[in-house]
Amino acid sequence: MKRLFILTCLVIIAAMLLTGCGGGGSEQKAARPKQLVVGLQAEPATLDPHQMQDYNSTRAGRSIFNTLVEFKDESTEVEPGLATSWDISEDGLVYTFHLREGVKFHDGTPFNAEAVKFSIERQIDPKHPYHDTGTYPYAEFTFGMVKSVDVVDDKTVKITLKERFAPFLANMAMHAACIVSPEAVKKYGKDFTKNPVGTGPYKFVSWNPGVEVVLEKNPDYWGDKAKIDKLIFKPIIEDQARLTELEAGNVDFIVNILPDDLARLKSDSRFTVTEQPGMHVWYTALNCQQKPFDNVKVRQAVNYAINKDAIVKNILKDTGVKAESPLPPVIWSHTSDVEKYDYNPEKAKQLLAEAGYPNGFEVTYWVPESGSGMQQPVAMATAIQSDLAKVGIKVKIQTLEWTTYLDKVFVPADKSEMKMHQMSWIGDNGDPDNFLFILLSGEQWPQAGFNDAYYKNEKVDQLLKKARTLSKQEERAPLYQEAQKLIMQDSPWVIVDHETQIVAMSNKVKGFKLHPTGVFRFEKADLE
């Protein structure tokens, strides 16, 4: 009996210990950090927001930083960010921002008016002591109209413009307007691009090139704290590989799903597919300053020679809508009342003959292997190559890795090797100026801006400049519509489509919403 009693006690104690261990295990499981792995199209080019010019960089690094004003969820309407309020002078030239109290950068240094002044002047003032820590592709577009930035006091900054500029407040929510830690820039210099410090909901942890970028939530964030503890961004260039990683459970979230795989993903209960009409345009730029594309008839001929309907239907499987203008339909002032270039090989041959190229010509077509907003670059290039061959234009396709490709695209006109190349653009702020001026104004040739066709039309330039100075949409819209008509007549681009934003994710991701700018806001999401 005594032996049985002891044995029973031992069994009870063992059971209690096991129960205790099980309870501890549950607590540990509940406390396990929430981690989201994102499959990007390519390696980020930089994590310095002032140097960003591609989706992979902004998607991986934008949540490290804040701007004075922020875009609302699912909208390009602005709301307070690092500034709680702002005043605009009657003449529209002076913007006074009142800054949020008690905010600190991730390195513990204080956010203040001096940091705002530093973040803007670093980009626009060649004499600034830290101007040489980077190159700033968006600086001219975002801040080119800024006359001065003045510190009124620690929590008040005044920005004076050279002239009235309608999109200025929207520009202040773009990535080039992010406020960076001055002390971090001073500490890291040119290496700030790989050691970013901001005030955002996520903090930088590490960047292993070609492998991953790791961020962790900022526990001291001034706004609503992120629910997901860690974000890992992995560059996976091949679309099929990215999909395979999602289906295997190695990543939780991917971009650029192959159109042929979309229906299968939508029917799989393990995943959620989210879509939204995009502020996007995909085009082939024709170098207007080099033969043969300095001739408008050649550019028009190329447009007639390409079967854009077939590309959208057969390659993209209607994951985009055929474009009729450089401005997406979701942007106000878009018009389809422009020159149309329906598929017409005979018209193309006629124009080539009139331009002095009855037997066509040879040209190299530069194409990225992948890249933000580039959809199916090689497949689309191959279709275009085939179409152009039918009218006598012999095309050689030259592919490059994305970041190398960007370095070759955005160079001064006299240094450009490219006569014909692919590019896409995703709107930054919902304003037509962010498409038509930055991409097609004669003032925006690289490296001042992104007019990579080196297109210039004096009348277009006048329309775009005037539209920037007017405050009312009803006054600006007719000017943008007239500009679109002239641009389409001049044909500096072959415009194919406006892509629908599509992402796929594990169904454990909850509360994620796409944003019109294409930047991911994981701080608003959670994981089951």
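Predicted model: local features only at pLDDT ≥ 70, side-chain atom pairs only at ≥ 80, totals over all residues.
Local features need pLDDT of at least 70 and side-chain atom pairs count only at pLDDT 80 or more, while totals for chains, interfaces and linings use all residues. Residues are numbered from 1 along each chain as its sequence is written, and side-chain values use heavy atoms, with hydrogens and water left out.

Student: How much space lies in the largest cavity?
Tutor: A cavity is a set of points, on a 1 Å grid over the protein atoms alone, where a 1.4 Å probe fits but cannot get out. Grid points are joined across faces, edges and corners, and a volume is the space filled by probe spheres set on the points. The count is 2 cavities of 30 Å³ or more, and the space in the largest cavity is about 260 Å³.

Student: Which element gives the most to the lining of the largest cavity?
Tutor: Lining residues have an atom within 4 Å of a point, and helices (H or I, at least four residues) and strands (E, at least two) are DSSP runs numbered from the N terminus. At least two lining residues come from each of α2 (55-61), α8 (259-267) and β18 (493-506). The most, 5 residues, come from β18.

Student: Is Ser333, with its positive phi, buried or exposed?
Tutor: Most residues other than glycine have a negative phi. Ser333, in the loop between β14 and α11 (345-354), has a phi of about 85 degrees. Buried means under 20% relative accessible area, exposed over 50%, and partly exposed in between, with a 1.4 Å probe and protein chains only. At 9% relative accessibility, Ser333 is therefore buried.

How values were computed:
1 Å grid on protein atoms, 1.4 Å probe; cavity = no way out; pocket = protein on both sides within 12 Å on 5 of 7 lines; lining within 4 Å.
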